[in-house]
Amino acid sequence: MLQIINHKLLGVTYSDLDKNDGSLTPKYIAAHYTAGISVSGSISHLRDIVKLGYHIIIDRDGAITQCIPFNKIARHAGVSNWKGISDLNKHSIGICLANRGYVTRFANGSYGWVNTHNTPIGNFLTEDQIVREEHFNGAETNLYWEKFSIAQMNAFREVCQVLIQTYMGIKDLIGHDEIAMGRKSDPGPAFPFTNIYPLFPDRVNDTGQTFRVQSPDGKLDVRRGMSGNFKLIRQLNNGDKVHIRSEGYKYVGNKAVLNGWVSISLEGTMDHIGFVNKLYLI
Ligand SMILES: [Zn+2]
């Protein structure tokens, strides 16, 4: 059973990445992957690139490393928004799991990374280490994702449990790809959100603001991705009520700006059903 004393987990490795960015009262736990092979490699990378840090990093064998106390802001979310709140660094604890993210399927049936010349690099993964699924953001080219290990998810679950007990304001678990749509793919479709949600009983009251469909032709297209080019999933009618979960981003130069598309859930529910143009929600 994990314990927190003075905003640190007892008995886990502490590898300091605190940038003294101010104090944090967490409302969310945000899940990430390292897009890396080893945790030690990821930590030295984070230390060298001073822009980034997580409260917790969990290795594939379940080993937990804390990098920042839970009452201090970590730079894990970047430009982000969720249910009307922006800059999620100021509202969330960042937990990162060692994981490659999306990988390529090779002709011999193994999986792994390729470099910019399409040459395989690093270790290979086998079929049973892979989840095959399209990302909810509509990126159809990334189909294969490294599975999170059982040991890793057990550790993640234990960390969430002790955080929820300690920080009463925590409402929900969010993915980096949900709060920075169009910018980030982590933790991706391999992350088992639905297994972890029951730890967060308050989440069902965090649906976000309600909006009403108001479109010139009376209908609103719900699409698979954040543009009119993506597949039509369904149509909503004027007067239908929805919640905006998050607003998507595009890059203008190297600056992330809102792209005008939003992830919605139906009124009173939490789940992403697709993307709509925000212009037609009032
Ligand atoms: Zn991330």
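The donor residues of the zinc ion follow the sequence spacing H-x143-H-x9-D. His32 sits in strand S4 (residues 28–33) and His176 in helix H3 (residues 176–179), so this pair ties together parts 144 residues apart in sequence. This is a predicted model, where local features need pLDDT of at least 70, side-chain atom pairs count only at pLDDT 80 or more, and totals for chains, interfaces and linings use all residues. Residues are numbered from 1 along each chain as its sequence is written, and side-chain values use heavy atoms, without hydrogens and water.

**Zinc site**
- His32 (ND1), His176 (ND1) and Asp186 (OD) coordinate the zinc ion at 2.0 to 2.1 Å.
- Donors are N, O and S atoms within 2.8 Å of the metal (3.2 Å for Na, K and Ca); water is not among the atoms, so sites may look incomplete.
- His32 is buried at 0% relative accessibility, and His176 is buried at 4%.
- Buried means under 20% relative accessible area (1.4 Å probe, protein chains only).

**Domains**
- Domain 1 covers 4–99 + 148–205, and domain 2 covers 210–280; the bounds come from an automatic or database domain assignment.
- Their C-alpha centres lie 27 Å apart.
- Each domain gives 14 residues to the contact (heavy atoms within 4.5 Å).

**Domain interface**
- One salt bridge is counted between domain 1 and domain 2.
- Arg245 and Glu178 pair their side chains in a salt bridge at 2.7 Å, N to O.
- The term needs a side-chain nitrogen of Lys or Arg within 4 Å of a carboxyl oxygen of Asp or Glu.
- Strand S7 (81–82) and H3 each supply at least two residues of the domain 1 side that touches domain 2.
- Helices (H or I, at least four residues) and strands (E, at least two) are DSSP runs, numbered from the N terminus.

Conventions: Buried < 20%, exposed > 50% of the residue type's maximum accessible area, 1.4 Å probe, protein only.
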